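Colleague: I would like to go through this model with you. Tell me what each label rests on.

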Amino acid sequence: MNLEDHLGDIVRKARSMSNVSADAAARAAGFTRQQFDALEEAGQSDHRLNYAALAELIGLNGAKLEALARGWLPTAKDLTNWRELRCISTDAGMAVNCYLIWDEVSREAALFDTGWHASPTEKIIADNQLQLRHIFITHSHEDHIAALEELRKAFPKARLHSSVKGGPVDQRNRPSDFIHLGSLRITHRDTPGHAEDGTTYVVGTWPDDAPHVAIVGDAIFAGSIGRGNQSWELARQTVRDQIFTLPSETLICPGHGPLTTVAEEKAHNPFF
Ligand SMILES: [Zn+2]
């Protein structure tokens, strides 16, 4: 799977974060304005880019940015280590991930976000004879909750958890929440910045001591972060405070793009 953001997307986000014009960024990069616009659009260029000067100007790590431009990807993850965890990707012009987990003994399941379409989730639930007990929402952007109404109708007993203000919810997230799903345990952390109601759910106590799993919504992507719709500074700080403080082997499950880990993002994400 490709990264959610190519080099050009990352540079454009970082310019927005740092309030730097395209002209100033082009000069730092050693590009003409036309070459620079083409780089932001396509994510690559035949011209020699001054990574250090550009990164310095727009608040990124130059070495990590260059490694990403040269093709860095997180290692492929073997999901059979987590019994059971599924990434369900749905597309309606833009692809989005939602995640289904279950306890293999009790067959109790929890869904994190809904994606665009309910049917792939419904099929996994039916094929594996699961009981959907909980639906957790990372944030209320359309792509993450589009199938919510349909899933609520199909699974009326599933409890809906979110930090959304004013939206439908059975259990509004509180700091002390500690939810059991068979032998699995689910807690959450507030991760605002991309969205005011941004929430990360952490699932622990997997069989065979598999690492924790963090379902982060759009707080962080492999190699990038979600747009700082609420606040760029908050978006970046929340990753440092709430996600990078998780154990380094924690599996990060983002709303877009491939799976990654805390250790991989600390080492390779140019925003840090
Ligand atoms: Zn979003």
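Colleague: How many aromatic pairs does the count come to?

Modeller: The count comes to 4 aromatic pairs. The rule: rings of Phe, Tyr and Trp (its six-membered ring) pair if their centres lie within 6.5 Å. Planes under 30 degrees apart count as stacked, over 60 as edge-to-face and the rest as tilted. This is a predicted model, where local features need pLDDT of at least 70, side-chain atom pairs count only at pLDDT 80 or more, and totals for chains, interfaces and linings use all residues. Residues are numbered from 1 along each chain as its sequence is written, and side-chain values use heavy atoms, with hydrogens and water left out.

Colleague: Why is the pair of Phe112 and Tyr201 called tilted?

Modeller: The ring centres of Phe112 and Tyr201 are 5.7 Å apart and the planes are at 55 degrees, so the pair is tilted.

Colleague: What makes Phe112 and Tyr201 a tie between parts of the chain?

Modeller: Phe112 lies in strand 3 (residues 108–112) and Tyr201 in strand 9 (residues 199–204), so the pair ties together parts 89 residues apart in sequence. Strands here are DSSP runs of E with at least two residues, helices are runs of H or I with at least four, and both are numbered from the N terminus. Phe112, Phe136 and Tyr201 form one aromatic cluster.

Colleague: Are Phe112 and Tyr201 buried or exposed?

Modeller: Both Phe112 and Tyr201 are buried. Buried means under 20% relative accessible area, exposed over 50%, partly exposed in between (1.4 Å probe, protein chains only).

Colleague: Why is the pair of Phe244 and Phe272 called edge-to-face?

Modeller: The centres of the Phe244 and Phe272 rings are 4.8 Å apart and their planes are at 65 degrees, so the pair is edge-to-face. Phe244 is in the loop between helix 9 (232–243) and strand 13 (251–254), and Phe272 is in the segment after helix 10 (262–268), 28 residues apart. Both Phe244 and Phe272 are buried.

Colleague: Why does Glu4 count as partly exposed?

Modeller: Glu4 has 30% relative accessibility, so Glu4 counts as partly exposed. Glu4 sits in the segment before helix 1 (7–18). Leaving aside neighbours within four places in sequence, Glu4 is in contact (heavy atoms within 4.5 Å) with residues including Asp9, Phe221 and His256.

Colleague: What makes strand 1 and strand 6 stand at the edges?

Modeller: An open sheet of 6 strands has the order 1-2-3-4-5-6, with mixed pairing. Strand 1 (85–91) and strand 6 (171–172) each have a single partner strand, so one side of each is left without a neighbour in the sheet. Two strands pair if DSSP finds at least two bridges between them. Strand 4 (residues 131–136) and strand 5 (residues 159–162) pair in the parallel sense over 3 bridges.
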